[in-house]
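Please open the structure in the viewer and keep the sequence beside it. The tour below names what to select at each stop and says what is found there.

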Amino acid sequence: MSLLTLFAAFCFCLVAVPLEGPGGEASSGNTKMPPVRSPSMIYGTLECSNREFHRTGLRIDSFDAYRNLYVSEVAVHPTKRRLSIATMLLRSVLQLSKNELCTPRLDNVYLHVHETNVAAKVLYKKCGFKKAPETVDHHAFTYSLGLAGGFIGQRHDLLTVSLRNRTVV
């Protein structure tokens, strides 16, 4: 699998696609990937940005300070689940966040998970995420996204992983 990365002003998406040519043959690292011709060739996506922090206590104003990143979506095609695709996508965003070319460098990555989604919680824990402390800023952030109970009573837990002094494997 390979990752195609699209950047646009601190919003980006990682896309997992197969590393095989149109006839099913494996593609070598020296050849270009075939164009994605249909959604069935996309195995998974991860979307993230920092725009969710605007007007919340988690916003950081200084451009040269460490910043926060929010993973708004992790999705894997139903026929491709349990193949570590989501793990690969999450680890890739954490590794990318530690990259010297990523400016400004990031301090924390946040995401929300539905309180009853045990499989997702196991995945996120495996990637180093922990439940964020119950602070006013964290609650206000969750509330600002409509994930603190909402009109249908669904609750989401805010998870975070610190990137400072962390080695991503």
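Select Tyr70, Tyr110 and Phe141, which form one aromatic cluster. The model is a predicted one, in which local features need pLDDT of at least 70 and side-chain atom pairs pLDDT 80 or more, while totals for chains, interfaces and linings use all residues. Residues are numbered from 1 along each chain as its sequence is written, and side-chain values use heavy atoms, with hydrogens and water left out.

The whole structure holds three aromatic pairs (rings of Phe, Tyr and Trp, the last by its six-membered ring, with centres within 6.5 Å; planes under 30 degrees apart are stacked, over 60 edge-to-face, the rest tilted). Keep Tyr70 and Phe141 in view: their ring centres lie 5.4 Å apart and their planes stand at 85 degrees, so this pair is edge-to-face. Tyr70 belongs to strand 4 and Phe141 to helix 3 (residues 136–144), 71 residues apart. Helices (H or I, at least four residues) and strands (E, at least two) are DSSP runs numbered from the N terminus. Tyr70 is buried at 5% relative accessibility, and Phe141 is buried at 0% (buried means under 20% relative accessible area, exposed over 50%, partly exposed in between, with a 1.4 Å probe and protein chains only).

Next, select Tyr124 and Phe129, an edge-to-face pair with 6.0 Å from centre to centre and 65 degrees between the planes. Tyr124 has a relative accessible area of 9%, and Phe129 has 4%.

Now display helix 2 (118–126). Which residues of helix 2 are buried? They are Ala120, Leu123 and Tyr124. These residues lie on the same side of helix 2 because they cover an arc of only 95 degrees around the axis (taken from the directions from the helix axis to the C-beta atoms). The face turned away from the buried side carries the exposed residues Val118, Val122, Lys125 and Lys126. After helix 2 comes Gly128, with a positive phi near 100 degrees.

Strand 3 (residues 44–49) pairs with strand 4 in the antiparallel sense over six bridges, and Gly44 stands opposite Val76. Strands 4 and 5 run parallel and are joined by five bridges, with Leu69 opposite Val109. Pairing requires at least two bridges found by DSSP.
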